[in-house]
Amino acid sequence: MASADLSGYARANPRRLTAVLSVIGYALVIGAFEGLIPLFPDLSRETVLLFSDAIAVVNTLALTSLLAGAAFIKRGEVRKHRVAMLTAFGLICAFLVLYLWKVGGGFEKSIVIEEGMFLGQYAGTVELLYLLMLGVHIFLSVVAVPVVLYAVILGLTHTPEELRETSHAKYGRIAVTSWALSLFLGVVTYFMLNHVYTWTVR
């Protein structure tokens with residue numbers, strides 16, 4: 001009964017539920033960064049590095065699922081689209097847990113570019129480019145949250161026929177574009193930080 005009530009509430013109030021879930025998500029991230037939410041046990045240096053690699057894999061899989069879902073809906077393959085998009089959403093939830101744990105129980109890293117490294121003679125320019133990509137990645141990650149949640153809530157609470165009468169497609173296009181670019185830039189900056197250059201603890 002409670003499950004039916006929740007489903008009915010989500011169907012009738014998708015914007016309100018989106019707002020509530022978005023605020024909870026933002027609060028968890030801010031709390032982890034500021035050390036206000038001691039949910040996560042401490043991680044060793046090796047585990048933090050392992051988490052960084054795992055996050056990159058999860059984000060790559062999420063990006064692949066997201067692009068596959070966009071391609072499926074263009075071909076009218078609604079069921080495959082739904083599976084791909086829910087897979088992408090599930091992967092992003094896994095990313096959030098790993099990321100919050102890495103931040104809350106470990107540490108953050110800053111890029112270091114020295115002479116002799118790849119394009120080391122342009123260290124200032126490369127670092128600026130890295131920070132710009134990282135900034136866009138973070139900005140899109142933040143602003144995409146309510147858009148993605150709204151599209152997912154509509155998709156879960158309406159039939160494909162009913163969705164044609166909602167703004168699911170409109171918000172879905174915005175979500176895919178912002179989300180895909182954010183994931184792509186996240187993976188690129190991961191490789192720059194961990195495999196092209198070096199880093200120091202922030």
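Trainee: How much accessible surface does the chain have, and what share belongs to carbon and sulfur atoms?

Mentor: Accessible areas come from the Shrake-Rupley method with a 1.4 Å probe, and for residues only the protein chains shown count as cover. Here the chain has an accessible surface of about 11,800 Å², and carbon and sulfur atoms hold 69% of that surface. This is a predicted model, in which local features need pLDDT of at least 70 and side-chain atom pairs count only at pLDDT 80 or more, while totals for chains, interfaces and linings use all residues. Residues are numbered from 1 along each chain as its sequence is written, and side-chain values use heavy atoms, with hydrogens and water left out.

Trainee: What share of the residues is buried?

Mentor: Buried means under 20% relative accessible area, exposed means over 50%, and partly exposed is in between (1.4 Å probe, protein chains only). Of the 202 residues in the chain, 40% are buried. Along the principal axes, the C-alpha atoms fill a box of roughly 60 × 40 × 25 Å.

Trainee: How many helices and strands does the chain have, and in what pattern?

Mentor: Helices (H or I, at least four residues) and strands (E, at least two) are DSSP runs, numbered from the N terminus. The chain has 7 helices and 2 strands, in the pattern α-α-α-α-β-α-α-α-β along the sequence.

Trainee: What does α4 reach, and which helices do its buried residues pack against?

Mentor: α4 has 28 residues and reaches 40 Å from its first C-alpha to its last, close to the 40 Å expected at 1.5 Å a residue. Its buried residues include H81, M85, F95 and G105. The buried residues of α4 pack against α2, α3 and α7.

Trainee: Is H137 buried or exposed?

Mentor: H137 has 14% relative accessibility, so it counts as buried. H137 is in helix α5 and, beyond its neighbours within four places in sequence, is in contact with S182, L185 and G186. L132, also found in helix α5, counts as exposed because its relative accessibility is 55%. V145 counts as partly exposed at 26%.

Trainee: How is a pocket defined, and what volume does the largest pocket have?

Mentor: On a 1 Å grid over the protein atoms alone, a pocket is an open set of points where a 1.4 Å probe fits, with protein on both sides within 12 Å along at least five of seven lines; lining residues have an atom within 4 Å of a point. Grid points are joined across faces, edges and corners, and a volume is the space filled by probe spheres set on the points. The largest pocket holds about 1,300 Å³ of space. Its lining has 43 residues, with F95, L96, Y99, H137 and S141 nearest the centre. α5 (123–157) is among the helices that each supply at least two lining residues, and α5 gives the most, with 10 residues.

Trainee: Which helix gives the most to the lining of the second largest pocket?

Mentor: That is α7, with 8 residues. The second largest pocket has about 750 Å³ of space. It is lined by 28 residues, and I73, H81, M85, H168 and A169 are the closest to its centre.

Methods. Contact = heavy atoms within 4.5 Å. Expected span 1.5 Å × (residues − 1).
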